[in-house]
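Have a look at the model first, then read on.

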Amino acid sequence: MAEIEREAMEYDVVIVGAGPAGLSAAIRLKQLDADLNVVVLEKGSEVGAHILSGAVLDPCGLDALIPDWKEKGAPLNVPVTEDNFYVLGEAGHLRVPNWPMPPLMNNHGNYIVSMGNVCRWMAEQAEALGVEIFPGMSCSELVYGDNGEVKGVVAGVFGLEPDGSYGPNTEPGMELHGKYVFLSEGVRGSLAKEVIARYDLQKGKEPQKFGIGMKEIWEIDPAKHREGTVTHTMGWPLGSNAGGGSFIYHLDNNQVYVGFVVHLNYKNPYLYPYMEFQRFKHHPMVAELLKGGKRVAYGARAITEGGYQSMPKMVAPGVALLGCSVGMVNVPRIKGNHNAMLSGKAAAEAAYDAIKAGRQSDELTAYETEVRTGPIGKDLKKVRNVKPMWSKWGLLPSLALGGLDMWTNTLGFSLFGTLGHGKTDAAATEEASKHKPIDYPKPDGTLSFDRLTNVSFAATNHEESQPCHLRLTDPDVPVKVNLPKYAEPAQRYCPAGVYEVVEDDSGPRFVINFQNCVHCKTCDIKDPSQNITWVTPQGGDGPNYPNM
Ligand SMILES: Cc1cc2nc3c(=O)[nH]c(=O)nc-3n(C[C@H](O)[C@H](O)[C@H](O)COP(=O)(O)OP(=O)(O)OC[C@H]3O[C@@H](n4cnc5c(N)ncnc54)[C@H](O)[C@@H]3O)c2cc1C
């Protein structure tokens, strides 16, 4: 095929992804120097369309970036007023009192927000400062310079033929070059994954760990709505099958965010995270809250859980990884947005200093140092053992020991040092022969829903004529390896029903319904054969979340 000719545009900084990390970087760059040329590219049809968080927002990131955010009308309208933590059994619940919790677990001073709306507001702030933001523009490739540095990205490729070739309607997109490229793609970014592999950035670090988070927005009976209330649960229905738990956040307008996270290092390939979430809503405490209400939106997204010891090196020549492309979630707090914002600010400051000094396309080591030793590193270091303890010892011992470790870390030391995570989540999956299938109750259509019905509430859409963005390295692996060995877990771990094994006269066939994909990236993470690669589909496709 002839070399593709593309126009190129030159910027000071090219930012991939309009989440809290990317937008914070853009805002900070323009605060520091209004003359810098800064562009943000976002694959969602609009800013916020692909944003999915709980979300309880710790405002420390926003305080550092835009101290007068209140006067500027930031949509942080629901302060947390009540903080509850329960361990669930099948029919009952045990309230864990707040007093033994280390102070870092306290949610007072935080806000229940729609992060989608917070990002929309941040985009307005960025544009007012002169940042160029292009939604509906997927960045599908990295552009490398002559010395192996990252020089830019290719964005805006549309209309490829189903086999990936160029056809009469293909728009080749353009190259956007920057003195520095920031990858703020969120969890398991597809370009970040390429950069981590190419420059061996995970070397010497623990593997990154993940969970799959699913979330519904419910409108509930006003009599049961308690604006500002935050509830977290652990225990049932996961029990010893997997780590994870739920969140229930009462925002305004009688709406409640109901979400469930399953740690992806579960062993039993029959586990079905989506059905665990649906089953959870039938717990008497949750069912009572939701009864009479209606589910108005659904979405799913992976969440980084490796924390401090899993953060890869985050700079390479010409490029820096930001936010959850590094993995900055404080797992016991289930919070990463504040660190994403702080990382954007830190990366911007390092790039500004470098550009002022006449540098470009080198490693922004000052950024990495700030992340590891500044507020982000401090936040993550205190809680670094909670996830490995949970993985090794299960819920109850890790609650006690994790609590103790967070307390001693608050005082500046740990009795455990830094525990490792060991395996990747893909490698944690055991063969089906060692496990029994799990019998999940059928959704009742009132509290619980089948996957495809719920996916329609994510308003996801992918143009069918484009190439499948879920690429199999070896198309035979799902049926020849994964099916006999692991009962092909893709059928269950995908929260959008993308993957099916269909039996017909010629035997089992692996089907990929890529139109349903909600961009959660779980397949790229959990496939035990590591045979699925998530690449970005054309811009504007994917979910269209209203106020997730
Ligand atoms: C279920 C769940 C609950 C959570 N709850 C909370 C909570 O209560 N509080 C909290 O603080 N944190 C929470 N988090 C964590 C929080 O969501 C993340 O830490 C945060 O989103 C990270 O921000 P980011 O900017 O790095 O990435 P993201 O917010 O994921 O933003 C990345 C953006 O980049 C875009 N993008 C990706 N790739 C490309 C590409 N190639 N081209 C163009 N655009 C691209 C995406 O569409 C997206 O808009 C939760 C996460 C989950 C999954």
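**Notes on the model**

1. Let's start with a loop: Ala459 sits between α13 (451-456) and β19 (470-472). Bear in mind that this is a predicted model. The phi of Ala459 is positive, near 50 degrees, although the residue is not glycine. Ala459 has 38% relative accessibility, so it counts as partly exposed.

2. Lys521 is another non-glycine residue with a positive phi, near 80 degrees. You'll find Lys521 in the loop between β21 (507-512) and α16 (522-526). Is Lys521 buried or exposed? It counts as buried, because its relative accessibility is 4% and the cut-off for buried is under 20%. For context, most residues other than glycine have a negative phi, and most peptide bonds are trans.

3. One joins Gly54 and Ala55, with omega about 0 degrees, and Ala55 belongs to the loop between β2 and β3 (56-57). The other runs from Trp236 to Pro237, with omega near 5 degrees; Pro237 is in the loop between β13 (229-235) and β14.

4. Now the ligand. It has 36 residues around it, and Gly54 is among the closest, along with Glu42, Ser53, Val56 and Cys324.

5. A backbone N or O atom of Val56 is 2.8 Å from a ligand oxygen, and a polar backbone atom of Ala21 is 3.0 Å from an oxygen of the ligand. At Ile334, a polar backbone atom lies 3.3 Å from a ligand nitrogen. The protein covers 98% of the 1,000 Å² of accessible area that the ligand has on its own. Elements giving two or more residues to the shell are α1 (20-32), β2 (38-42), β14 (244-250), β16 (294-304) and α7 (337-356), with β16 supplying the largest share, three residues.

6. α7 checks out on length: at 1.5 Å a residue, its 20 residues should span 28 Å, and the end C-alpha atoms are 29 Å apart, which agrees. The rest of the structure largely encloses α7, because 16 of its 20 residues are buried. After α7 comes Gly358, which has a positive phi near 80 degrees.

7. Last, His250 in strand β14. At 3% relative accessibility, His250 counts as buried. Residues it touches include Val78, Lys224, Arg226, Glu227 and Leu289, leaving out those up to four places away in sequence.

Notes:
Residues numbered from 1 in each chain as written. Predicted model: local features only at pLDDT ≥ 70, side-chain atom pairs only at ≥ 80, totals over all residues. Heavy atoms only, no water. Near = heavy atom within 4 Å. Polar contact = N/O pair within 3.5 Å; in protein donor to acceptor, adjacent residues only side chain to side chain. Areas by Shrake-Rupley, 256 points an atom, 1.4 Å probe, with all protein chains shown as cover. Helix = DSSP H or I, 4+ residues; strand = E, 2+ residues; numbered from the N terminus. Buried < 20%, exposed > 50% of the residue type's maximum accessible area, 1.4 Å probe, protein only. Contact = heavy atoms within 4.5 Å. Expected span 1.5 Å × (residues − 1).
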